[in-house]
Amino acid sequence: MADSTESSIVIEADAGTVLDVIADLEAYPEWASQLTEVEILTEEGDGWPDRVRLTMDAGIIKDTYTLDYDWDVLEDGTGTVSWSLVEASVLRAMDGTYTLTSADDGRTDVSYRLSVDLKIPVLGMLKRKAEKVIIDTALKGLKKRVESL
């Protein structure tokens, strides 16, 4: 992904537990404050959503959009979960990846990369700031959600 923002966090849980929370997209509004609605549109029987409609209010970015998900994960939960934009009103691109890596002590390193582009003209600096807010909110929310289980 060109011109993306990335951050990471360590979560006190195994990768499988972290992956379970990431895969429970319908629960995102409970812990990802910028997401107000999530609807699973398709799932190919593997238990993981393939196409999802989301409504987001992240300050500068407000939109309802559809994402396609790709689940490239191993049985232990390590690997990548990535998504790409299918359609939206305001967004031109919303492509991202969670990368889960197990640490020897049972913790999980989670890296989140996001690239956002809007159909309306916005300074690149403001887009990066919006990406950073989305990533930081998501990672902190994910950590809190997983570690509270």
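Trainee: Is Asp-50 buried or exposed?
Mentor: This is a predicted model in which local features need pLDDT of at least 70, side-chain atom pairs count only at pLDDT 80 or more, and totals for chains, interfaces and linings use all residues. Residues are numbered from 1 along each chain as its sequence is written, and side-chain values use heavy atoms, with hydrogens and water left out. Residues under 20% relative accessible area are called buried, those over 50% exposed and those in between partly exposed (1.4 Å probe, protein chains only). Asp-50 has a relative accessible area of 13%, so this residue is buried.

Trainee: In which strand does Asp-50 lie?
Mentor: Helices (H or I, at least four residues) and strands (E, at least two) are DSSP runs, numbered from the N terminus. The run of residues 49-58 holds Asp-50, and its name is strand β3.

Trainee: How far apart are the C-alpha atoms of Asp-50 and Ile-40?
Mentor: Along the chain, Asp-50 and Ile-40 are 10 residues apart.

Trainee: What is the C-alpha separation of Gln-34 and Asp-24 in space?
Mentor: Gln-34 belongs to the loop between α2 (28-31) and β2 (35-43), and its relative accessibility of 9% makes it buried. Gln-34 and Asp-24 are 10 residues apart in sequence. From C-alpha to C-alpha, their separation in space is 16 Å.

Trainee: How many salt bridges are there?
Mentor: Side chains of opposite charge can pair when their charged atoms come close. Here a salt bridge is a side-chain nitrogen of Lys or Arg within 4 Å of a carboxyl oxygen of Asp or Glu. By this rule, the number of salt bridges is 9.

Trainee: How many residues apart in sequence are the parts that Arg-113 and Glu-6 tie together?
Mentor: Arg-113 and Glu-6 form a salt bridge whose closest N and O atoms are 2.7 Å apart. Arg-113 lies in strand β7 (residues 108-118) and Glu-6 in strand β1 (residues 5-11). The pair therefore ties together parts whose distance in sequence, in residues, is 107.

Trainee: Which residue forms a salt bridge with Arg-107?
Mentor: In this salt bridge, the closest N and O atoms are 3.4 Å apart. The pair links distant parts of the chain, 95 residues apart: Arg-107 lies in the loop between β6 (91-102) and β7, and its partner in the loop between β1 and α1. Arg-107 is partly exposed, at 29% relative accessibility. The partner of Arg-107 is Glu-12.

Trainee: Which helix holds both Asp-136 and Lys-132?
Mentor: Asp-136 and Lys-132 form a salt bridge, with the closest N and O atoms 3.3 Å apart. Asp-136 is partly exposed at 23% relative accessibility, and Lys-132 is partly exposed at 37%. The two residues are 4 residues apart, about one turn of the helix. Both lie in the run of residues 124-147, helix α3.

Trainee: How many aromatic pairs are there?
Mentor: Rings of Phe, Tyr and Trp (its six-membered ring) pair if their centres lie within 6.5 Å; planes under 30 degrees apart count as stacked, over 60 as edge-to-face and the rest as tilted. By this rule, the count of aromatic pairs is 7.

Trainee: Why is the pair of Tyr-69 and Trp-71 assigned to its class, and what is that class?
Mentor: The ring centres of Tyr-69 and Trp-71 are 5.8 Å apart. Tyr-69 is buried, with a relative accessible area of 12%, and Trp-71 is buried at 12%. Because the planes of the two rings lie at 20°, the pair is stacked.

Trainee: Which residues form one aromatic cluster?
Mentor: Tyr-69 and Trp-71 belong to this cluster.

Trainee: Is Asp-72 buried or exposed?
Mentor: Asp-72 is placed in strand β4, and its C-alpha atom is 8.1 Å from that of Ser-82, 10 residues away in sequence. With a relative accessible area of 53%, Asp-72 is exposed.

Trainee: What is the relative accessibility of Asp-70?
Mentor: Asp-70 lies in strand β4 (residues 61-73). The C-alpha atoms of Asp-70 and Thr-101, 31 residues apart along the chain, are separated by 17 Å. Asp-70 counts as partly exposed, because its relative accessibility is 45%.
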